[in-house]
Every structure is written in C-alpha cells, then in structure tokens.
Amino acid sequence: MERLLDKRLWIVSGKGGVGKSTISAALAVLFSSRGERTLLCEVNASDRLANLLGRGRVGPEIVELADRLWAVNLQPEASLREYALSILKFESIYKAVFENRLVSYFLRFIPSIQELVMLGKIIFHVEERLESGGPKYQRVVVDAPATGHAISFFSIPRVLINTVPPGRLAKEAERMRLVLEDPEITTAALVSLPEEMPVNETVDLGAALRDRAHVQTSLVVLNGYVEERFTAGDIEALAAAPSLQRAATQHRAEAAASAAFRRRLAEAFELPVVAVPRLFTYPFGRGAVDSVARALEAALKAIG
Amino acid sequence: MSTAEANPSPDSPIAEAWAKRKVVVCVGAGGVGKTTIAASLALGAAVQQRSALVCTIDPARRLANSLGLKELGNAETRIAPSQLASAGLPPESPLFAMMLDMKRTWDEFIERHAPPNRRERILSNRFYRSLSSVLAGSQEYIAMEELWQLRTHRDYRLIVLDTPPAGHAKDFLDAPNRVLDFLDNDAAKWLLTPALTAGKFGLHLFGSGSGYIAKTLAKLTGAETLEQLADFMLAMSSMNESFRQRARQVRALLASEETAFVLVTTPQLERLQEAVEFHTELQQNHMHVAAVIVNQVTAAPSPRDFSDASVLQSPLREKVQRTLQENSALADEDAKAMAQLEANCRPTPLVSVPRMDQEVHDLKGLWKVTRALVAG
C-alpha cells in the first residue's frame, strides 16, 4: 500500500458518470488523513467539489478545506494570466497585450493553449517547494476530464512538441511531458462501474493513456461494487413471491457482474482492483466522501 | 414482439417526433446514456419502416458495440437483417449508423471551400493538422456540418444526431460562432497589416507598428509559432464567408420545424440543475424540445413487497428487507428529482426510462429502451 500510494501526481479519470469526482475527493481525503499535504484540482468543472466536500464554491484560487487539504478549480483564463505574468512580470504589460480583444482571439487559436496553461499550473504545484525545501504539496490529485477529453488533455505536451516550432511554448511542453511521463511521479487512477461499457472504456482509456500520453496506471477503482447477498438457494426459496424474487435475482445478477468485471479489469491491467461498495447515502456529501475514503483505505490495505 | 409495440400510441411525445421530425438532436451531459437513447430512437423509427440514421461522434465506440458492429466508421453502415432478426426485430428495418471522423470531415470541408491555390497551404500547415483534434467547439461544429451534409444530400426519413457531452446548450449551439471567432482574420490582419499593405505575403511581424504586442506575445509562444499561425489564419480567411454561410444554414436547420431536440439526463439530484439550465437555454434559443428523457429511473418497491418480505424466514427476511430498503431509497431520490425536473421544464414532457435489469449492450437491449420511450 505504501509503495502504491507514494506517487505525487494522481490523475483520476474514467467514463462520464462513474464517480470520478467522488473518488478524487476520497483519495485526497485519504492522503491528507495519512499526513500528506494534499491539493485537489478540478479542471474547469462545474464545481462538484463544493457539494462533495461541503463548502462554498471552490474557485481558481487555492483554498484550504481542512488540515493538510487544499482545493482549486482550475480555470483557463486565470491560469493563462498566471502563466503570462510569470513570464512578463508586469501586470501593465499583461493588461496592454492580453486584454486586447484581437490578441485574445489570436491566442485562443494556438492549439490547446487553455488546456496547456491548466496542465502547466498542475505541474507547477507538483514541483512547488516550501522555503524549507520540501514539496509544498506532497500529493496532487486531479479530478480529470472524462475518457476522450482526458486522453487529449494529457497528450497535449506531446501534440504541442510536434505542432509548434522550437521556442518557449515547446520548451514548456517538454518540461510538462517529463513530469507526466515519469512513472515515479505521475500515475493514473482509473474509475469504473461494474457495467459493460464503463469497463470497456476504462480498459481502452488505460491503453490510450499509456500509448498516447505515456502515463502509467497504477490504481483501478471499481465504484458501486455490489457484494453477493443472495445465494441460488435464496432465490429458489422466494418462488412464492415473484416480485421479491425479481428483486433478489437482480441483486444477485449485479453481484455476479461486479465480481466478473473486477476479474476482467484485474486481468486487463494486471493490477489488483479496488472495490468501493455502492452507497445509499443522501444527499451525497462530505459524509459519503469520508466513507468512500475509508472503503478505499480498507481495500488498499487488503491488497497489501 | 407485436406490431402494437412497434406502433406506439400517438400521444407519446417520442411517437410524435418520429412522425413529424426529420432530425432529432440528442443533447446532455456525459454518462447519461445519450448514445443509447439516440440509437433506440433511430431503431424505433426504422422498425416502423422509416429509414433512420444514427450519427455519433462518440470516440468510445459504444454505439458500434450496442448495434452489434465490430467497428463503426465514417461511412453510413446498414444494420444487417440477420442482426435485427436475431434480436426478434423485423429484419428489413432500414436502420443505419455512422461515426464521425473529425479529420476527414474537416478535410472535405477545406477541399470544398478553399480556393485551389490555398488548399495545399492549409492542409499542410502544422496548425491545421492539429486543428480538428484540438480546437474548442470544432467537434460540435463538425457534427453540425455533417448533419447539414446528410440532411441536404441524403434522403433519410430521420437522422438522429448524438452530440458530444456538453454541460450547456451553448457549447453546442454557439460552436459555429466560436469556430468563426477563431478563424476571424481581424486579428491576423491587424497584426500583419504593414506586411500586407506592402504587397508582400511574407510576414514581418516584428518590424510592424503592432510590433510591441507581437514581441510580447512571442515571449510566450516563440516568434516562429506566431508567424506560422498568422500564415494559417490568413490562408483560412478566404473561407470565412463559407463558414459564415454554413453557420447560418445550420442554425436555420436546427430551429426549423423539421428538427427537434431531446435532452437526456439521469435522475440524480446533482445532475438536476444542469439539466434544467440546459433546457432553459434551448428554449431561449427557440429550439424545439420534444422531450426531456430521464434515463435509468429506479422503480419503487410496492407495499405488498414489504408485507411479503416480513413473513419470510430469517436470514432471508433481513436480506430481502435490506434490498427493498435500498431500492426504496433509490426510488425516492429519483422521484424527488423527477418532480423537480417536471416543474422546471414545463411544458416540455418528461419521458422516463426505467433502470434496465441488464445493461444495454445489444439490439435487444436497445429495443427494450425504445419500447420504454414510447410507453412513458
């Protein structure tokens, strides 16, 4: 478990609707509860974290949520401004140039500059140091876009290196590429549900991240896992109550699917798969995130 | 499968869309089952012998999976009679499917609209080569370009367009404008004016009056990047009028009587706000919304279920009771969300699709969804 959790940058992705935000938040809560200074990053998202972690909006400025736990919602405009200022140094120059309408059109046209500056900010925080020399954030968890967008998002450094001529932009992209592709620093945590299509997509996503973005996956989380409850004998015993029998049959089928998809993911990734049980907690807030974090920790311990 | 099921009652909003519309656009967030709904809508029309094409830009090939196709390409593919027959459906149902190939659609667009002497310059520019995969809004734009082409040059009775996941209607509706913004050559002209007026096509960004701005930008991007980009924009600028015209045509098609939108969502409370906003935006843009389709709704256990459970032997009793309680909790949450959705989307009808016993991954499953769509 220690070895598995020692990566610095965690990219959490999967098919839309599988619970990426929940798992991202739970991972971040888990890291911080283990004593690591942790930054949770949303990527230009509709602020799900605010609901999940039970606080007001998380904006483009880093906010402290709890002991050792910070969050930020990366937004392209704010990230571009930060990036430009880090190079230009003077606010007045930035304003004169970047707040020009024509220039902003022009700039937006450079392939993926928005994504690049957001990715740049993520990498910056991974490398950021305290005055004492230690890393400012020991863990950075990215609630990344869903499958298709995740692949293009994390391939951007490679695409840019091939697109733009040598120069500052290409150099920035190269710097990011080195961090993303270092398996000692960066890893993907892929989230799936025990259903056919999310599982297929997770397997494809793992391969695409590996082949196109050169990012390795070290954790696969099967969310919404259903443990077996009814035996075949139980189902037979319910023959007199068809409606109950249907409910039990469905539960048994879901449990069987959970186990089968877990095996399939484990084979495809050659990794143990962490199962997080389906929750019936409403509304889905901080309490639920904490219990997912506990479930994650228990499952990770079981792996050893 | 009876004929009655293939000919649903005419007061179903979905049946009405089948009868009245030639284009149905499926919109909604990621992970709500949009592609499945799109394919089910096309299947329902095809089973009624209306030729139907479902067109997706889904890069994850889900649609191919569920239609029993190994691969789905840029070409329109007819679903084989044997496939339909093995799902118990009329084998001759004219059902077609295709997946958008972004790069190819862009290339075709350039070849149609760029002046011959600029074509190569555009197609070989480094920026163009990454354009189709990276330009914001270009997926949506190309989906609409393809829709327009299909609607104009093919005679499907119904085209169902599955769109990229979007949190807002404007992501989709404004895509042509955003692409136009990007291609608008004002910026390039302004930066390049001195070079252009000198009658030279070579770019001298840094000797010009706007040199200060250009130099500052170049600090971030590198000088050569700026020059290549300017060159690209200049080459593309000859096509602006084509883009503008197409944007108008697409907009007119979307707003016309022959087109309807369906907004797909799931009943989770956290999705609710998003769906309501999406619906409002569509209405504000004068788009016709045929239905809000709520997918994966959990049915509540009946009181009878609970009384039946109470007389079971332990431990089976506890197991069943726990399962019923879980299903109740899910159904309660879904019902609450549905009520709110209905109140906030009036007068658009809500159509609910129950959570299926089995995941939809083949034609049989799609057909179940189709029947649910017209039953609700």
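**Close-up views of a predicted model**

**View 1. Strand β5 of chain B and its neighbours.** Strand β2 (residues 52–56) of chain B pairs with β5(B) in the parallel sense over five bridges. Strands are DSSP runs of E, at least two residues long, and helices are runs of H or I, at least four residues long, numbered from the N terminus. Two strands pair if DSSP finds at least two bridges between them. B:Ala52 has B:Leu158 as its bridge partner in β5(B). Strand β1 (residues 23–27) of chain B also runs parallel to β5(B), joined by four bridges. Here B:Cys26 is partnered by B:Asp162.

The model is predicted: local features need pLDDT of at least 70, side-chain atom pairs count only at pLDDT 80 or more, and totals for chains, interfaces and linings use all residues. Residues are numbered from 1 along each chain as its sequence is written, chains are lettered from A and ligands numbered from 1 in the order in which they are written, and side-chain values use heavy atoms, leaving out hydrogens and water.

**View 2. The two faces of β5(B).** Five of the five residues of β5(B) are buried. Buried means under 20% relative accessible area (1.4 Å probe, protein chains only). In a regular strand the side chains alternate between the two faces of the sheet. B:Leu158, B:Val160 and B:Asp162 are buried on one side of β5(B), B:Ile159 and B:Leu161 on the other.

View 3. Three cavities reach 30 Å³ or more. A cavity is a set of points on a 1 Å grid over the protein atoms alone where a 1.4 Å probe fits but cannot get out; lining residues have an atom within 4 Å of a point. Grid points are joined across faces, edges and corners, and a volume is the space filled by probe spheres set on the points. The largest cavity holds about 60 Å³. It is lined by 11 residues; B:Gly28, B:Ala29, B:Val264, B:Glu274 and B:Ala275 lie nearest its centre. β6 (259–265) and α16 (269–284) of chain B each give two or more lining residues. α16(B) gives the most, four.

**View 4. The second largest cavity.** Its volume is about 50 Å³. The lining comprises B:Ile14, B:Ala17, B:Trp18, B:Val24, B:Leu41, B:Leu158, B:Val160 and B:Val262. Two or more of these residues come from each of α2 (13–20) and β5 (158–162) of chain B. α2(B) has the largest share, three residues.

**View 5. A:Asp234.** This residue lies in helix α10 (residues 232–237) of chain A. A:Asp234 counts as buried because its relative accessibility is 12%.

Note on methods: Buried means under 20% relative accessible area, exposed over 50%, partly exposed in between (1.4 Å probe, protein chains only). On a 1 Å grid over the protein atoms alone, a cavity is a set of points where a 1.4 Å probe fits but cannot get out, and a pocket is an open set with protein on both sides within 12 Å along at least five of seven lines; lining residues have an atom within 4 Å of a point.
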